[in-house]
Amino acid sequence: MYTYTEQSGCPIQVDDLAVTYGKVTALGGLSLRIGAGTVTGLLGPNGAGKTTLVRVLSTLLRPTRGTARVMGHDVARDPLPVRLAIGLAGQYAAVDQELTGRENLEMVGRLYRLTRAEARSRAAEVLERLGLSDAADRRVATYSGGMRRRLDLAASLTGRPPVLLLDEPTTGLDPRSRQELWAIIDEMRDAGTTVLLTTQYLEEADRLAQRIIVVDAGTVIADGTPAALKAGIGTDVLRVRLPGSAGLPAAAELLADLAAAGTEVTSDRVTGELTVRVTRAGASVEALRRLDRRGLAVAAVKLTPPSLDDVFLSLTGRTATVPATLEEVR
């Protein structure tokens, strides 16, 4: 089990971190600090460098330049205490399918240098915590995808690490399993664990993280609380849904000058919805008046504060789920 003696207040410290593969730059001089006992959401398009950063912090990848320290230890020069200090759950469940759930966790406990008795006790505790006790003695090959993801997270908790690195941990899970994992992450944060979470689900980051860091092309482009990042857009979002898609072009033309400077009306032919970022008071009333004059029926209208999706699109020019032209390397 890991014991930390240095009192720094920042379990994760990254300075001018760069990772390159030939001519491809995965990280380009990234710097950040992550405080203790918090959940920090790391967002960015595919290929932005999120997984590369997690691999560096977990000692799986050596940086080309710069330094990264976890619990006061340099990940490149002093990797062993870093490995003892972290739990890691990647995008795919890294568990042995031929072993039982209990055997997987006991093996991980031994790798954390727990005694056999400690490893057995800890495995039983974590299996109970993640709702896997009934399946503990079944081969993992018989587990569902959600159960394997929970077992993977259980493995990352077995050594009671002070730092937890979660790289898209809920990818592919059903809504119920996702919410169960959210509750577990909340519990870990409340217990003082420092969590770095990468995710493509922006509502997940909004729900879990006290701080959001947005990266693109290997550098930090925004950093703040979810509320501060949303407020920074300075616009509300007007959504107008028509009964069908036929009237979308005419409606978009009518509402074009309501759009905030530098933005456009966007439309979705599948849902029949127009989206306009607005700053003008009474924009929704004005939109309804114009559409009514033209004889365009309106099914629904809604004016809302910006979401993290709006922040993401504003910062990167892309949605969170658009495939990148450069795959997130290695």
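**Two open sheets in a predicted model**

Val240 stands opposite Val301 in strand E14, where a strand is a DSSP run marked E of at least two residues and is numbered, like the helices, from the N terminus. This is a predicted model, in which local features need pLDDT of at least 70, side-chain atom pairs count only at pLDDT 80 or more, and totals for chains, interfaces and linings use all residues. Residues are numbered from 1 along each chain as its sequence is written, and side-chain values use heavy atoms, with hydrogens and water left out. Strands of a sheet pair through backbone hydrogen bonds, either parallel or antiparallel.

**The sheet with E14**

- Four strands make up an open sheet with antiparallel pairing, in the order E12-E13-E11-E14, and two strands count as paired if DSSP finds at least two bridges between them.
- Strand E12 (266–268) and strand E14 (300–304) are at the edges and have a single partner strand each, so one side of each is left without a neighbour in the sheet.
- From one strand to the next, the twist averages 15°.
- Five bridges link strand E11 (residues 236–241) with E14 in the antiparallel sense.

**The sheet with E1**

- Another open sheet has four antiparallel-paired strands in the order E2-E1-E4-E5, and its edge strands, E2 (24–34) and E5 (73–74), each pair on one side only.
- Strand E4 (residues 65–70) runs antiparallel to E5 and is joined to E5 by two bridges, with Arg69 having Asp74 in E5 as its bridge partner.
- Helix H1 (residues 50–57) packs on this sheet and touches strand E1 (12–21), E2 and E4, where contact means heavy atoms within 4.5 Å and a helix is a DSSP run marked H or I of at least four residues.
- The direction of H1 makes about 115° with that of E1, given that axes are lines fitted to C-alpha atoms, for helices over the stretch in contact, and that angles run from 0 to 180 degrees between N-to-C directions.
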